[in-house]
Amino acid sequence: MTDHLVCPVLLVEDEPNALERCRQIVASHPRLKLLDTASSLSEARDKLSLHGEEIALLLTDWQLGDGDASDLIRTCKDAYDARSMVITVFGDVTSVLRAIEAGADGYLLKSGTDYEMQSAISTVLDGGAPISAAVAVHLLKRLRKPAAVDAAASLSDGDIRPQLSDREIEVLSDLARGLSYKEVARRLNISHYTVGDHVKAIYRKLEVKSRGEAVFEAVQGGLIEIDPSE
């Protein structure tokens with residue numbers, strides 16, 4: 001999506017205060033317009049039937065009263081080619097990976113500031129895949145197991161797998177720590193467009209479609225090492 005396009009949003013949230021907060025975030029974002037809201041999965045499905053062809057972005061809580069949002073995310077992606085971002089209090093690895101597998105383009109904790117959420121939404125609109133720093137660190141802690149060492153050893157034993165360049169590893173390591181494209185660009189003294197090009201190359205080489213999947217594959221393959229205490 002480009003800056004001049006206004007993105008219609010379906011907002012799914014069952015907690016009134018959180019719903020109002022997200023309403024304000026959407027209302028104050030220059031690239032968004034609120035199309036409709038829902039407070040349950042069943043209601044969200046009805047809204048999709050009504051507005052499906054218009055919706056370009058789904059902002060949803062992960063765990064709602066009638067289940068998690070995995071099927072909703074999958075439907076938005078497969079049936080309507082809409083992007084999606086989870087905004088939730090659930091930062092456990094199981095929830096994160098289920099959301100990623102369903103096709104979520106971003107995963108944020110509600111503890112983030114309004115500015116962080118607006119910035120993350122912009123990243124999603126630009127094709128990125130933001131993940132809260134705390135979630136990324138937790139993910140790395142859980143994924144850095146002996147299996148990663150075994151996978152790295154298999155590479156040296158002749159297992160053919162796409163390798164990342166030194167700069168791509170730098171970029172992915174920073175993104176795994178929760179840095180935005182602009183923050184990575186400043187740290188590496190390159191443009192954020194160049195960061196985007198590196199990310200596209202990373203996704204292509206690892207055959208993934210999101211930041212979370214890229215981190216998972218890279219850690220499992222021993223391609224990146226991040227200090228979880230950072």
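The legends below describe close-up views of a predicted model.

Residues are numbered from 1 along each chain as its sequence is written, and side-chain values use heavy atoms, with hydrogens and water left out. Because the model is predicted, local features need pLDDT of at least 70 and side-chain atom pairs count only at pLDDT 80 or more, while totals for chains, interfaces and linings use all residues.

**View 1. The fold as a whole, with its helices and strands.** The protein has 11 helices and seven strands, where helices (H or I, at least four residues) and strands (E, at least two) are DSSP runs numbered from the N terminus. Of the 230 residues in the protein, 50% are buried; buried means under 20% relative accessible area, exposed over 50%, and partly exposed in between, with a 1.4 Å probe and protein chains only. Among contacts (heavy atoms within 4.5 Å) between residues at least 6 apart in sequence, 68% join residues at least 24 apart.

**View 2. The buried side of helix α2.** In helix α2 (residues 41-51), the buried residues are Leu41, Ala44, Lys47, Leu48 and His51. These residues lie on the same side of α2 because they cover an arc of only 115 degrees around the axis, the arc being that of the directions from the helix axis to the C-beta atoms. An α-helix has 3.6 residues a turn, so residues three or four places apart point the same way. The cover over the buried residues of α2 includes β1 (7-12), β2 (32-38), β4 (63-64), β5 (67-68) and α3 (70-80), whereas the face turned away from the buried side carries the exposed residues Asp46, Ser49 and Leu50.

View 3. In helix α2, Glu43 and Lys47 are four residues apart, about one turn of the helix, and they form a salt bridge in which the closest N and O atoms are 3.5 Å apart. Glu43 is partly exposed, with a relative accessible area of 26%, while Lys47 counts as buried at 16% relative accessibility. In helix α3, the side chains of Asp71 and Arg74 meet in a salt bridge (2.9 Å, N to O); this pair is three residues apart, about one turn of the helix. Both partners count as partly exposed, Asp71 at 47% relative accessibility and Arg74 at 34%.

View 4. The closest N and O atoms of Lys205 and Glu168 are 2.9 Å apart in a salt bridge. Lys205 lies in helix α10 (residues 192-206) and Glu168 in helix α8 (residues 166-176), so the pair ties together parts that are 37 residues apart in sequence. Lys205 is partly exposed, with a relative accessible area of 25%, and Glu168 is buried, with a relative accessible area of 6%. Elsewhere, salt bridges that share partners join Glu13, Asp61 and Lys110 into one network.

View 5. Leu139 lies in helix α6 (residues 133-143) and is buried, with a relative accessible area of 3%. Leaving aside its neighbours within four places in sequence, Leu139 is in contact with Val93, Val96 and Leu97. Leu139 and Gly212 are 73 residues apart in sequence and 8.7 Å apart in space, C-alpha to C-alpha.

View 6. On a 1 Å grid over the protein atoms alone, a cavity is a set of points where a 1.4 Å probe fits but cannot get out, and a pocket is an open set with protein on both sides within 12 Å along at least five of seven lines; lining residues have an atom within 4 Å of a point. The structure holds one cavity of 30 Å³ or more, and about 50 Å³ of space lies in the largest cavity, a volume being the space filled by probe spheres set on the grid points, which are joined across faces, edges and corners. The lining includes Ile100, Tyr107, Pro130 and Arg211, and β7 (106-109) and α11 (211-220) each supply at least two of its residues.

**View 7. The largest pocket.** About 1200 Å³ of space lies in the largest pocket. Its lining has 41 residues, of which Ser119, Ala120, Thr123, Ser180 and Tyr181 lie nearest its centre. The largest share of this lining, nine residues, comes from α5.

How values were computed: A salt bridge is a side-chain nitrogen of Lys or Arg within 4 Å of a carboxyl oxygen of Asp or Glu.
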